Amino acid sequence: MRQGFPKDFLWGGATAASQVEGGWDEGGKGLDTQDCRPQFANLTREQKNSWEYKQMTNQKFADALVSRETSIYPFRFGSDHYHRYKEDIALFAEMGMKIYRMSISWARIYPNGDDEKPNEEGIRFYKNIFEECHKYGIKVFVTMLHYAVPVHLVEAYGGWKNRKLIDFYLKYAKTLFENFKDDVDYWLPFNEMNAGRFNPYNGVALIKEREENYDQSVHQALHHQFVANALTVKLAHEMMPGSQIGCMIARFCHYGATCNPADQLTLMHDEQYTNWYYTDVMARGFYPEYMERYFEKKNIHLEITEEDRKVLMENPVDFVSFSYYFTQVSTASENWEKTDGNLVVGNKNPYLPSSEWGWQSDATGLRITLNQLYDRYHKPLFIAENGLGAVDRVVDGKVHDDYRIGYLRDHIQAMKDAVEDGVDLFGYTMWGIIDLVSCGSIEMSKRYGVIYVDADDQGNGTFDRLRKDSFYWYKKCIETNGEDLG
Ligand code: BGP
């Protein structure tokens, strides 16, 4: 039996450009879809969790295109990483981080998405970040698209439902590989591929009101992303032999509510439609049979060419990664109590504690997930996101976030157990290593970081950085390769 984490285990932290950078209109960057998501003041937590709040509408979009405000568009100020990345990376190094997962903003490289030439200033900005990481021996894991799409691609082409997006994306990918082939250790073409289904504005750049046949558009857009993903894997392997390129989903581990076979059947379908579908296409290389029936039932007719199927089959990913925050219950009953979760509202599990945002923490579910994924694909696994969103308070210059330490301790112990079960897990990047704007509820108040950022929901504050108690805890965890979780 294996004992503990492999000695070269990649401990790290994760961010996304739109949530951390700020500098939304600097350095030649174009406006992107995340820059356009507004935050409305004085809403209750429940209202902020609602679909109406999270959903993009024609009106909100039109307003955002003309507004220069930052206070109601928090993704425009982020955590000011654009100006403070050196300080941030020095803190990552102090913690002993082995890897930094970050995303590149498409609109910094191609401001409109379909420009003829890339923006050299954007390329220089990321080059500087990579140089800074290398200075400290920190490896780099790049997400090439973490939700933020140049708005021009929505306005002129209608987002990912248009097949042309595949070509624009590939051009962008080629530019990244040409410029950063020696700087990046792991590549990820798309963040949380299944987001397209649960939040189509974020995932596939669709505005629901504009779609006559919404389900059809969502799934066609997802198909285009699958093809773009496979072609990017191909391109990476051609341009950078030996490169490591992976896929990612938001993994929703489900439990059957009871041993009633009807609940177990619901469980099987939930797992297929929300999880397996996406990783099956990207890791195994073909559309699973169970989806044919699903599409038929929903009256969805996808345009998939023979060439698409061939490309998918010939270009599976090298590793599988996922985000993991919570688990939920599958039941055939309509009357189950609900609770919030990442991207979806789920059924509540009476055995699990909830965060302030109603996300149910479940470390055992992480061990189960790792075993399930490894068993199915036998590819190396990477946990690209995991962490606890909470309200933190600064008292005498300190943040005593024992709740976060407890969450991390339990999840890292579960990872260790999975490794000892025989799972090939090679890295972990804690989500929101530094406080950043929450993707779901568009606010700073929901904090994940082990590094505190002094900014409020409207972007007031010094933006100074502060080490939370969890900073020292994670440092010790890394130093001892996950042995000292005390
Ligand atoms: C994932 C996204 C991240 C991140 C995280 C936490 O779905 O990839 O961008 O934000 O969820 O979600 P939230 O910020 O809504 O708490």
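Trainee: At what angle do helix α13 and helix α14 pack?
Mentor: Quick caveat: this is a predicted model, where local features need pLDDT of at least 70 and side-chain atom pairs count only at pLDDT 80 or more, while totals for chains, interfaces and linings use all residues. Residues are numbered from 1 along each chain as its sequence is written, and side-chain values use heavy atoms, with hydrogens and water left out. Helices are DSSP runs (H or I, at least four residues) numbered from the N terminus, and axes are lines fitted to C-alpha atoms over the stretch in contact, with angles from 0 to 180 degrees between N-to-C directions. For α13 (residues 261-284) and α14 (residues 289-298), the axes are 10 Å apart and the angle is about 125°.

Trainee: Why is α13 described as it is relative to α14?
Mentor: Angles under 35 degrees count as roughly parallel, over 145 as roughly antiparallel, 65 to 115 as roughly perpendicular and the rest as oblique. With an angle of about 125°, α13 is therefore oblique to α14.

Trainee: Which residues of α14 make the contact with α13?
Mentor: Contact here means heavy atoms within 4.5 Å. The α13 side brings Q272, Y273, W276, Y277 and D280, and they meet α14 through Y290, M291, Y294 and F295.

Trainee: What is the makeup of that contact of α13 with α14 by class?
Mentor: Ala, Val, Leu, Ile, Met, Phe, Trp, Tyr, Cys and Pro count as nonpolar, Asp, Glu, Lys and Arg as charged, and the others, Gly among them, as polar. On that basis the contact has one charged, one polar and seven nonpolar residues.

Trainee: How are α9 and α12 arranged, roughly parallel or oblique?
Mentor: The axes of α9 (residues 164-180) and α12 come within 10 Å and cross at roughly 25°. The residues of their contact divide into 11 nonpolar, two polar and two charged. Given that angle, α9 and α12 are therefore roughly parallel.

Trainee: Which residues of α15 make the contact with α12?
Mentor: Helix α12 (residues 214-239) and helix α15 (residues 306-314) have axes that come within 8 Å and cross at roughly 50°. That makes α12 oblique to α15. From α12 come H223, F226, V227, A230 and L231, and from α15 come D308, V311 and L312.

Trainee: How far is an oxygen atom of the ligand from an N or O atom in the side chain of E192?
Mentor: Of the 15 residues around the ligand (a heavy atom within 4 Å), those that come nearest are Q19, E192, C439, G440 and Y448. A polar contact is a pair of N or O atoms within 3.5 Å. A ligand oxygen is 2.7 Å from a side-chain N or O atom of Q19, and for E192 the distance is 2.5 Å.

Note on methods. Helices (H or I, at least four residues) and strands (E, at least two) are DSSP runs, numbered from the N terminus. A polar contact is a pair of N or O atoms within 3.5 Å; within protein, one must be able to donate a hydrogen and the other to accept it, and residues adjacent in sequence count only if both atoms are side-chain atoms.
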